[in-house]
Amino acid sequence: MTELAPQFDPKQIETTLFDRWLKEGCFKGVADSTSEPYDITIPPPNVTGSLHMGHALNNTLQDVLIRKNRMAGRATRWVVGTDHAGIATQNKVEQKLAKEGLTRYDVGREAFIEKCWEWREQYGSTIIDQLKAMGCSCDYSDEWFTMNESYQRAVREVFVDWYDKGLIYRGRRIINWCPRCTTALSDIEVEHEDVPGRLHYLNYPLEKPVGGRHFITVATTRPETILGDVAVAVHPDDERYQELIGSVALLPLVGRKLEIIADDYVDPAFGTGAVKITPAHDPNDFEVGQRHDLEQINVLDEHGAINELGGVYAGLDRYEARKAILADLDAEGFVEKIEDHEHAVGHCYRCHTEIEPYLSDQWFVDMKPLAQPAIDAVRDGRVKFHPARWSNVYFHWMENIRDWCISRQLWWGHRIPVFYCDACGKQFASKEDLTVCPDCGAPLRQDEDVLDTWFSSQLWPFATFGWPIGDVSHAPEAVDYWYPTSALSTARDILFLWVARMIMSGLYFMDGQVPFADVIIHPTVFNKEGKRMSKSLGTGVDPLDLMETYGADGMRFGLMLQVTGVQDLKFSEEKLLSSRNFANKIWNAARFVLMNTEDYTPVAAAPEPTHTADKWILSRLATLVCQVSEGIDTFEFGEVARALYEFTWNEFCDWYIELAKGRLQGSAGERAEVQRMLVFVLDQTLRLLHPMMPFVTEEIWGKLPLVREGQASMLIRAAWPDADALARYLDPQAEAALSSIKMTISALRSTRARYGISPKTPLAAVIRTSTSGQAEFIISRRALIESLANTESLEVGTDVAKPPASVSMIGEGLEVFIPLEGLVDLKAERMRLSKEQEKLQVEFDRLQRKLGNEGFLAKAAPEVVEKDRARAEDLQGQLEKVVGQLADLG
RNA sequence: GGGCGAUUGGCGCAGCGGGAGCGCAGGACCCUUACAAGGUCAAGGUCACAGGUUCAAAUCCUGUAUCGCCCACCA
């Protein structure tokens, strides 16, 4: 047997173990008709991405679920892969080209796409390698990519189906345009941010004075858009403007005639109650324009600069144009006043450029018909959110869902499979690439745009099982076996972008079956100051650095300790330090067990405890197994981690191992019995810890003297502890008995500390118990007390006399006297006991009041009343003893 | 304008109807033969505030305050 080092060094074992797991094929998802599958499809990280704390948290959590269920005997598969991330990747490749002084237009579409693939080859596996470093047990033998061949077929299948059913349509609308990415975005890809701005009051002269008025004042935050104004609107009931409705204003600087129209959209209370209408640059104005059949004048180009329709301002960037136009308006006296005005401005979620409402032709998905079944699925519990409150957020969005703009003016992505025949005018969607028109034989032209990345991501839970036809690595029935998946774990910010859409498309294409039963919305990781972790702001922490310092297990467990049902998580590195120390504690507990079991012969059968300490630890273990199993199944990761920590450290290490030390020196039979227990409890504990701390547990487990066949890793060989089978070990008496031993030892240690007596100086103790049974029990555990508290003599009984000049400690059902000839500080003892008395009295009085309350006796649960009664009795006993001791002290 | 979350010892957090807990920091003592990344002992809180429900409230309800998120087309 190889001796373990006194300190656990994660680096020494992590890669070796991970390679072994891979080599043994532990992670491979294999369909097994005899077992119920447990599978998760990983939220595919962007190929451009690298691991951040959110990933670290989310993937640990999924690995915990996967590992636990794998140990529990389920056919398990964690599908891994990456997302092609249209805009993000295109930006990266464009940046790379820019360094060579090139743009994508210089290299051309085909060559550019080729460069994107090259980029993906080169950098796309970074994050996968980082998942491996974390120990994530994904099925790496089958890595997916949202643009691989099989996936492309899935996207085509979906597009053509929806197109043919009329769910995908083309429309000319105001969409969100990013002038930097030069593409349309969907509504939810826009991040709104309140920014300080200005509200400009502009006087638009009337063509002819009306009732003595020469102009109408409009308010706008964006003066540059006046170039696209086609009307001025007021509320139909606004008395101030009744006589102006129908007359004409003249657009300053431009001179265009603007009819003054009436529309309900206008809020008379805001600004002047008169609104300039710019249908091509504002979604509301667009609608007003439609109602009044107004012209749409688009004055911006795709980069957000004023186009040729902007007259003298043509070519100016939108911000320069704003300044120039404002200056000219001011010079000509059109500016009435300017007020500060905070308002929400949309920004591109990829590059944070201000988005521009922009009129253009785009493809849309009609969402209403898809949304209803997805609302029902959550409503009737086929999909459950954890925490449950997220379902309300989901409902709110789904019930107000708007059509989804899916076309992107990019090159990297799934090209829209719509073909046009310029000769005969045919337009159709096709799963196959066609070059000639099936009707007239003329050459076909494919739509230039690509699909929103999220259009392909939404297919993840079934496309990754080879849907629709299966491919080389997938039997066609793979999707039948693995779909629906078991759980989905993700951050809240992609609830709409991704989760909702997966539910909709899953239900639609998988015969009404939901893609997953449980959606776990994990807390968002913030830094200590409560700010978003951000690489660019330098407020982030790199999980790789953390693993370097605390080990993968330390990072994983430290994160799990912090997971609660709360929506924000202020990242605490101290928890990782505690977790690293915890790993070391486990390591050393194992080291102790291994050092003391070299002469031990493994036994397969479960232990039958006779010793109280053994009964106690098995009882505690049985409770722990329940807590951990249930906790993982109900996604209470923080509670599970805390229960494991507490049991391992405070019960197994602090007490059981200490209690075992003496017994290991006992008779051969006694020694064997304790060895059996140490190995059994450690084995079971390691199994429970494994999902959260896979490395340290695997390393130790492999060295434990167990009856085992072959050398397979614990990940697949160690069965998950069975709570039902262990329930027979539950033993409240043993747990109570242990507490009196603990009390006795604590009393001795506390006295020692108070009087500065070295642990090396043996103490004598006299213990008075309330029952003879208790006295017998303590006597039988004399050796334990001697070894843990260094006592040289122990006198125990129900009526033993208090030795003179002794310190007395009072606990539940017993008094401990420690003779300290010549040392006892009477004054200090009196003070301590008085304080103790006060504490006991307060608590006793509280209970007395409670027990004297008719309402309590009548309405509280009988067991609660009984418990309080017993406690009051015990407190009374303790009080009497304290009072007695005080009297003794004089 | 709606919605959600948070407010508990110096710091970070758990508990979410019946005896206020954890980690870190700080104090005293201890290199005790698994572990100083450790052990023992002690100290530290009117659970944001105000009402209410209940025999019983840190825990449930209502409101207030502060902080933070999300959704929303008010120019």
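## Terms and model

The model is a predicted one.

Most peptide bonds are trans, and most residues other than glycine have a negative phi. The sections below describe residues that depart from these patterns.

## Cis peptide bonds

His386 and Pro387 are joined by a cis peptide bond, with omega at about -5°. Pro387 sits in a loop that has strand S15 (384-386) on one side and helix H11 (390-399) on the other.

Another cis peptide bond links Tyr483 to Pro484, and its omega is about 0°. Pro484 belongs to the loop between helix H14 (478-482) and strand S22 (485-491).

## Positive phi angles

Leu253 is not a glycine, yet its phi is positive, near 70°. The loop that holds Leu253 runs between strand S10 (248-250) and strand S11 (257-262). Is Leu253 buried, partly exposed or exposed? Its relative accessibility is 28%, so Leu253 counts as partly exposed. The cut-offs behind this are under 20% for buried and over 50% for exposed, with partly exposed in between.

Asn790, also a residue other than glycine, has a positive phi of about 50°. Asn790 lies in the loop between helix H26 (782-789) and strand S27 (791-797). With a relative accessible area of 23%, Asn790 is partly exposed.

Terms used: Residues are numbered from 1 along each chain as its sequence is written. Chains are lettered from A and ligands numbered from 1 in the order in which they are written. This is a predicted model: local features need pLDDT of at least 70, side-chain atom pairs count only at pLDDT 80 or more; totals for chains, interfaces and linings use all residues. Side-chain values use heavy atoms; hydrogens and water are left out. Helices (H or I, at least four residues) and strands (E, at least two) are DSSP runs, numbered from the N terminus. Buried means under 20% relative accessible area, exposed over 50%, partly exposed in between (1.4 Å probe, protein chains only).
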